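Subject: Structure for you to look at

Hi,

Here is the structure we talked about. Please open it alongside these notes.

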Amino acid sequence: MGESVKYAVKEPLVHITRRTDIRSWKAWLIRVASVVLALIVNALFIYSVTGLDPVKVYTVMIQGTFQSTYNFLTSMRDVALLLCIAIALAPAFKMRFWNIGAEGQVLMGGLATALVMIYLGNAMPPWLLMVTMFAASIAAGALWAVIPAIFKAKWKTNETLFTLMMNYIAINIVDCLTNIWRGSKSSMGQINANTQAGWFPRLLGYRFTINIIIVLVLTVVMYIYLKYTKDGYEIAVIGESENTARYAGINVKRAIVRTLLISGAICGLAGCITVAGKNQTISVNTAGGYGFTAIIVAWLAKFNTFYMMLIAFILIVLEKGAIQIASAYTLLNDYAADIITGVILFFILGSEFFINYRVVFRARRDREEEQA
Amino acid sequence: MSILTAWINRAIWFGTVIMFASTGEIITEKSGNLNLGVPGVMFLGGFAGFAGAYYYENATANPSAAMIILIALLCGFAAGALGGLIYSVLTTTLRANQNVTGLALTIFGIGFANFFGVRVLGGGTSVKAAFARSVFATPIPGLSALGHVGNIFFSYGFMVYLAIIVALVVHWFMYSTRPGLNLRAVGENPATADAAGINVTRYKYAATCVGCGITGLGGVYYVLDYGYGTWSTANSIEALGWLAVALVIFATWKPRNIIWGAYLFGLLYWLYNYLPTLMGFSLPIYATQMFQTVPYVVTILVLIFISTKKKRENQGPAALGLSYFREER
Amino acid sequence: MFPAGAGGIRPGRCKGECSLDTNASIKLRNITKRFGTTLANDRCWLDINRGEILALLGENGSGKTTLMNMLSGIYYPDEGQIFIDDKEVVIRSPKDAFDLGIGMIHQHFKLVDVLTAAENIILGLPGKGRLDMKAVSDKVRRICQTYGFDIDPDQKIYDMSVSQKQTVEIVKVLYRGAEVLILDEPTAVLTPQETKTLFKVLRNMRDDGKAIVIITHKLHEVEEVSDRVAILRKGSFVGDMPTKDTNAREMTNMMVGRPVALNIERPDPVDPKPRLEVRNVNLTDEEGIQRLFDVSFTANSGEILGIAGISGCGQKELLEAIAGLQRPDSGSITFMPEGQEARELIGLTPRQIQQQGVVLSFVPEDRLGMGLVGSMDITNNMMLRSYRSGSTGFLDMKSPRDLGEDIVKRLEVVTPGVTTPVRQLSGGNVQKVLVGREIASAPSVLMTAYAVRGLDINSSYTIYDLINQQKKEGVAVIYVGEDLDILIGLCDRILVLCSGRVNGIVDGRTADKEQIGLMMTRLEGGEQEGGSANG
């Protein structure tokens, strides 16, 4: 008698519970499915707006990276750069320090590099110049990150907003200095265009080899740092629970400052790579929004530097593909990439929910009960 | 005197853009959602408002002022709210990280607006919605002719006054109405609000969508009045978007403070252009950017000040940036 | 007759007036709730009547709060039904509960700090969009007058004392016209006088025809205030009866499931020597509230010093002060190792204490929030104490893994392996991992806070054994507990804290429950200095 009444009751349609026991292959399946779904949505979008065959458009997009050796190399150069910034952000984010200021830290690193190149370019031997450039960019990036970190450690000042503001101060400083340097010209042009002093040398015949090598080394080093060192362990504990960290005798304040010094330093290095190894000049667009994109890369990869490599690669393929389709189709322009990227990010971000939570629908629950 | 009025005019135009954007962001943040997608939302709103007005005035022989205002505002608000909806679905329903979602929304919004923007441009660098611009820039008849007073207070398009009204209404809503009280509770302590019978999800959705809609109006004003009714791919919406996020902090999350804060930011931002002339010296061109840094520096100082003072009334919503799950334990 | 849908067999015992076909106004039937793998409530029954104070009695972790949370809409039951006046209802949210006239006063207050009392009270209520705060304040004042509460409706919550906050919570529920009031351990944070006032109010409300449920694990409160008592044990309903027809012994038996003939071993201390001397410690917390007043005592080696007290009376602060997690305002904490110079620990950080060569182990109350990292596996959690070992910057992964495996084997931790995140283990196994790690470092002082809270009997006994073993090895053990029977059975001496003050230290062998219970609730005139046993 009781059973028949039970079904008349209105339970909530969906019931959500947290789950911690999902298998990793299942989690990856959900992520892959979300990307596939995003690609389908994007395809529908492309088709409905332009009437183009989405498959063809995707094919052209992929050619943006793989069509030629040149395309591939420039793509790898940009993957390296994006990855470098994501690596920089990983330790900060892992301890839940929201460093939104990578853009500014990269710019400051680039600015320090440019300063050294311009004012010391002809004053010292190439190797010393290179060392000075690295040192200066690392110091500048670290400085830009450590200021918010000190305030966070001492007064718990909101670091998300602080680092965000620091970006625009950096942008304006760079804007100011580039205006001085360019004088009445419309742009700065390449620094030391004649002497090439401070430019990364070609290695193995390619222009960006050094960039890629530096970042590959960083990828491995950061992986080891986070996983196998005492500092990395402290970062993980603080990120999970500051209470536990204090209990374990971790000096949380010192760890915050130390970690942000590292985070900012690598960002500064990324600035150096951009200026000396890619553009040979500096402008407010030197960081090019990578400081923000890298946050997404680091977050989605759960701070695993090798996953970051994969995600950075996907995002760069999209970016290059956009330029490719913009020139191939008059109906599309390179902003399409931002839409496609945005949609893919939305889907991946949303998919995490299905990994962390179990959704039980009313009908399904009843069925499960019947089986039980 | 005329330089001073010009400076004030400029500051008020500028301030109106971020006043809309910040007022919207305050509503959003009061629900506990720290939306870093403000620039993206402004792009969405700005483009939609422009496109609506542009197509309307080109499609009609005798466009009406009321219609074009209605269309531009509706389109801008709806597009902004749509951005807010995406954000809400991801952060509130799917509990994605707010910072990352906001940044993704910025990428998406800028991309979306410019993708269609380029199509509207049709190969050119800018297009102008001339009629819309004239409607949006029409000053208050009569009063605006009252010499300097008229110039300073009454020489603006209607949206300047609308922005003030919106900020005041939002302030009143927040502190003098029941739903406003409930909204503040949701942002401070969602578990408590939930236990008090407030539908936390609904409030977060509503606040974020309405907030983003108002932020979108900031974009509409940027394009149709501040930007002289022209759409081009080169604009400073993104920079203004981040400044709007800064203004929320500067105003210590109180809509009332947004009004003078926005104008102050406007004065500071345009300091480089007017102060030297006013004081009778000339400024090297490269120094202008250093002056534009002032609003950000001031915001950082405010941020530090409120964190060291620990005065509860000046802090942001306590649950800002956190997603809420009732059965967390 | 059963009401429709209330089928099934009524579990538990029944005595006196209650009978199988109840005509209670609120009936909970076969309520089951799971959290992951733990079963918080298992087919629970409960009857609640108007004009009656019902005490919901059970040990910590017996599922009292979870059950009531389902009535107040915080949780949604996995199975089971709720009837109000014989009509089945669905409570999906606190709002649903309010609409049905059910209001709950939670143990952790659900108040918004930056709002005023009046604003908190009307939070979430329907009504005119425009707020008339003056009218609200007036109505609040009226309610306060009726029941003798003393709060200022326009005061901000963050300026209020704990008991004022509780008052706001109660007024909030009354303001909403609740017919059913559920209070979750309301006296835990109150002074005896405040408790008395509260009980008076509860009786007034009962006489008003309201249904009152008071969740508690204190027998004397059940006897003092309730008309009927319902008992839960391990998530299941055990039985209910009129309070006047039962006695403490019977209730205790039902609560713990068997007579409390606690068979805890208590070896005599061998050669106790002062190991940790705490003198005149005062401590003010971050919010500026003084938590400890002139606390003094000595913990001896080879001895278990129990600490008894109502929860929130300074136990947490005391242990954290000794561990270096909170900085006392004044006083001294001296560590006196065997045959070595004494060392002052006050003002040192946990790391500095460690560097002094003092091995101080601490099993904190919040196991997954402080003692362990829930998302990390057993190996990584072992490292919390030892990750600094080794001279390089790299972690030694091997010895923690060995230690983890050893603990899993020795303490019979049920886990798929040492790489499983500890959050996925059951409460008892989590505690074994934590205690196992803490004693692995061969401490000279071991502090435990509520070490057996929420644990089943077997796990509890494992923990007692471990603690006794430490005692035999000459460790000075400080055991903060809430169950007086266990404190009396396990500890050599028992320090009683009352509102942050030491209210005396008694001998565990001669003390009785009543004596300690009284000391917990009443502050005595003359303070006894630490070290003077046999209070």
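B:Glu29 sits in helix H1 (residues 2-30) of chain B. The model is predicted: local features need pLDDT of at least 70 and side-chain atom pairs count only at pLDDT 80 or more, while totals for chains, interfaces and linings use all residues. Residues are numbered from 1 along each chain as its sequence is written, and chains are lettered from A and ligands numbered from 1 in the order in which they are written.

Is B:Glu29 buried or exposed? B:Glu29 counts as buried because there are 24 C-beta neighbours inside 10 Å. The cut-offs: buried takes 20 or more other C-beta atoms within 10 Å of the residue's own, exposed 12 or fewer, partly exposed lies in between, and C-beta atoms are placed from the backbone. Leaving aside neighbours within four places in sequence, the contacts of B:Glu29 include B:Leu34, B:Gly187, B:Trp253 and B:Pro317. Contact means C-beta atoms, placed from the backbone, within 7 Å. B:Leu74 is 45 residues from B:Glu29 in sequence and 23 Å away in space, C-alpha to C-alpha.

Now the interface between chains B and A. On the chain B side, 41 residues are in contact with 38 residues of chain A. H4(B) provides the largest share of that chain B side, 13 residues. By class, the chain B side that touches chain A has 27 nonpolar, 12 polar and two charged residues. Nonpolar covers Ala, Val, Leu, Ile, Met, Phe, Trp, Tyr, Cys and Pro; charged covers Asp, Glu, Lys and Arg; the others, Gly among them, are polar.

In chain A, look at helix H6 (residues 126-155). Its 30 residues should span 44 Å at 1.5 Å a residue, and the end C-alpha atoms are 44 Å apart, which agrees. The expected span is 1.5 Å times one less than the number of residues. H6(A) has a kink of about 30 degrees at A:Val146, shortly before the proline A:Pro148. The bend is the angle between axes fitted to the seven residues ending at a residue and the seven starting there. After H6(A) comes A:Lys156, with a positive phi near 55 degrees.

Chain A is assigned domain 1 (1-52 + 329-372) and domain 2 (69-307). Their centres, taken over C-alpha atoms, are 35 Å apart. Domain bounds come from an automatic or database domain assignment.

Chain C has 17 helices and 21 strands. Of its 535 residues, 49% count as buried. The division of chain C is domain 1 (273-359 + 442-535) and domain 2 (375-441). The C-alpha centres of these two chain C domains lie 26 Å apart. Across that boundary, 13 residues of domain 1 of chain C are in contact with nine residues of domain 2 of chain C. Helix H15 (residues 457-472) of chain C gives the most to the domain 1 side, with five residues.

Last, strand E7 (residues 102-105) of chain C. C:Ile102 and C:Met104 on one side are buried, as are C:Gly103 and C:Ile105 on the other. E7(C) runs parallel to strand E8 (residues 180-184) of chain C, and four bridges join them. Strands pair if DSSP finds at least two bridges between them. C:Leu183 in E8(C) is the bridge partner of C:Ile105.

Best wishes

Terms used
Helix = DSSP H or I, 4+ residues; strand = E, 2+ residues; numbered from the N terminus. Contact = placed C-beta atoms within 7 Å.
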